[in-house]
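Subject: Structure for you to look at

Hello,

Here is the structure I said I would pass on. My notes on it follow below.

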Amino acid sequence: MRRLFRVAAAVLLFAFAAGVDAARAVIAVTSHGVVVATAGSIRLEGGWNVEGVRNPTSIETSGNRVVVLDAIDDQAVVVDLDTGRTSRFATAATPVAAQFAGNDLYILARDANLVQRIGGANVAVAADPAFISASEGRVFVYSRTAGMLQEIEGDRIVRQMQLAPFASDLEIDGTTAYLAYPCDARIRMIDLSTMQPAGELAVGVVPVDIAFAGGGTAITARVLAIADPSAKRIWMVEGRQSLGKAVARGFVRGLLGLGLFNRSSQFPTGIDRVIVSGSLRVAYDSSSGTLYRFSPSGSTAIATAVGAGAFAVSEEQIVWWDGERIHTVE
Amino acid sequence: MRRLELPLLGLVLGLALPLLATSAHAQQGRLASDFEIAQMERQLERSSGFEAQLSGYLNLGDLRASRGERTLAHANYVKALTAAESERTASRRDSSITRYAIATSYAALAEAKLGRGAEAFQLLEESVRYMSGDAATWNLHASAMRLLSRPDKAGSAARNAVAIARLETDSVAQRLDLAVYQYALATALIENRQSGEAETLLVEVTGSLRSADFARLNREVVRQEAFEIYSSARGDVAAYVSLLNRTQLRLAGLYESRGEIAAAREQYERVLEARSDDVTALNALARLSASEADRSRHYAGAFEANPFSPTLVRDYKRWLEQSRLDPRSIEPSSTGARMRRALAQLAAGDRVAARDSLEALAISFPRNETLEELRREAESPAVATLPSDEPTTEELRDLLDAFAQMTPEQRVELDARTFTSKALFDPAGEIDASEARTLLASGAIDGLRFQFVQPTLFAGRFDTSTPLRLTYQILGVTRSGDRPALLLEPLRVEAIR
């Protein structure tokens, strides 16, 4: 039976009418095409198919490499996109995220409080490291319950700062880090050049996920798209801007934490993830697995019962995996 | 329900009811956990709220599991999952994200109790996105990971819970919560072989629970004559009683594992002071007894409390191998005594008598899988061998015959493996033909009967008159009519091309 490959999950789907097929798959758009990792397999559409991990929980790509993590069995598989050649690693406990930085690959092992540089040493970080991101060649880790942002260079921590704990997302744009705090309804900003707070924005009811949605030029402020499942909206908000830019634009609301454009997109269900790439804007409701395409004027559901990691967005296309095949919207 | 999921004590809880270990009750065939089961069933009847329903089903599942009633336990965990999923849907619709996150945590716990690790993990990650600052959320995370045999992940989550709970300890309720999380952390540490820190935590928790901090709560326990032990406790009194019981048992187990027998015995006896028929404590005291008379007495007490505890049965069988006890020395005056006698008959090699004894017990307890396994053992002295990934019929028959003889290591390996066979299903009831779904529940693999844990709906229309390829996990042994059958968890069904 090809139409259903996780029977028990399908029973629950039927029973609850609102679940998401738990069949594990993660998907990424790479320079070589779409890569799908399912239980035990990683394959490039129209290309190689290699042995993967039992529970693919996340995927990251850069240049000609892709890494698939199994946060349950503590495994990582790196695949060379050109050849399909794989390297397999046993990681420390619970590898939840990976980050390429130049030639280096960093893996965040949350339950070991470690960042593992493949081919290098382990770096001990603060409790509950949940997010890793790189900007301008620098790697940053945010530890959620500790409320600590740490910068890693090579195999050591070079700077760190204490900030509010319990953020649900970290995104970095140049020298500014943005963190979403769903319980406080705040987006907090950090100046990474000084490792100092750079203001905060009050946004919505439960802001949980951030994406960059344009702006950030010499005369425009960075625009943030923020998913709020309680309000069932994506809030479009101006991010941090320098005094010079603000003055050039004739106002200083960004500096005052009043960055709301007063623009939002409403959804029929509570969306909690947002991805923007080029002109494509996608929101996702984890509870129902509904994938939406949205614009300032409205939203359209394009797929349902999509797994949390089973969709990806590039500048040209939205792709998702339905358990059987890849779907594409351009 | 205060979100105080207490990690279980191994596979089996020490669940028993004081004062029921009398011959009068025993002769009526009552088990010690009957009272808790009745309480939970009443709770489910009287209250339709999410928390009452959820805790009712979770506790019923745990209570059933402790009596070797795995199928009934499974059914209750499925109901708990259904309740949690309904709450997830409703809360999301109502834009209540806190409710959604809590329900998601409980859905994860139910999935973990059902042994579905990947589904549980995905839900836990979803929950913690919204409530990473909530200690109870991390505690549920720890409980689920521990159930899935991931003590390193459980330890990390429990440590988060403890760190967060330590920030606010002004009220008794907050201190009680902290104690629960410390107990969960200690449990994970023991399983991670970090017993030093675990002991410190357990000593701190038992000391705290017996301190003046909890004096008022302790008085309330006495006033209410509260004794029930639950894994999903509702209210401070229930949480206190359950936590004190579990913490002492855990500490005692730690001492016992180190060979500190006097310290272990002291803790087990403290457990019995609060609850005279705790099966875990009685079984342990039997193990640790210096005299055969004491050992026999404690085993007798333990079997009166819960005659079908798999851990107790295992330990008793080990002792019987050495003691060469004459089965005729046990008067079959109660359910517990009848079980002991049957086990002694098995150990003595009198399989005919053992079979008769067990079949008589099965009339009173027809859905008990501990009995089912022992009956199979009485029928076959085979040594268990795990089948290959695409097993032959002989391999499956051998497993069916020798299921009760499997070692704990074999059971762990079996739980982790999946198998594929050609199966001929019993005629299916097709539901909703427009959506092409097929309901399948049972069938045979080359004549060997199998049954799913519950009827399962498959996408696609299947012709059950021809064999289909079934991928599955083997959960245990059950009966199909008058024949033994494999109890399976289906993972995939495909037409054979």
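In chain A, strand β15 (residues 148–153) and strand β16 (residues 156–162) run antiparallel and are joined by 6 bridges. Please keep in mind that this is a predicted model. One of the pairings puts M148(A) with Q162(A) in β16(A) as its bridge partner. β15(A) and β16(A) form a hairpin, with 2 residues between the strands. G154(A), in the turn, has a positive phi of about 65°.

Chain A has another hairpin, made by β13(A) and β14(A). Strand β13 covers residues 129–135 and strand β14 covers residues 138–143; they pair in the antiparallel sense over 6 bridges. Within this pair, I132(A) stands opposite V141(A) of β14(A). Here, too, 2 residues lie between the strands, and E136(A) in the turn has a positive phi of about 50°.

The remaining notes concern chain B. Helix α4 (residues 70–93) packs against helix α5 (residues 97–113) at an angle of about 160°, and their axes are 8 Å apart. Because angles over 145 degrees count as roughly antiparallel, α4(B) is roughly antiparallel to α5(B). Their crossing is left-handed. On the α4(B) side, the residues making the contact include Y77(B), L81(B), A84(B) and R88(B). On the α5(B) side, Y100(B), A103(B), A107(B) and E111(B) are among them. By class, the contact between the two helices has 9 nonpolar, 7 charged and 2 polar residues.

Regards

Definitions and conventions
Residues numbered from 1 in each chain as written. Chains lettered and ligands numbered in written order. Predicted model: local features only at pLDDT ≥ 70, side-chain atom pairs only at ≥ 80, totals over all residues. Pairing = 2+ DSSP bridges. Helix = DSSP H or I, 4+ residues; strand = E, 2+ residues; numbered from the N terminus. Axes fitted to C-alpha atoms, helices over the stretch in contact; angles between N-to-C directions. Parallel < 35°, antiparallel > 145°, perpendicular 65-115°, else oblique. Left-handed = near helix turned anticlockwise from the far one by under 90°. Contact = placed C-beta atoms within 7 Å. Nonpolar A, V, L, I, M, F, W, Y, C, P; charged D, E, K, R; others polar.
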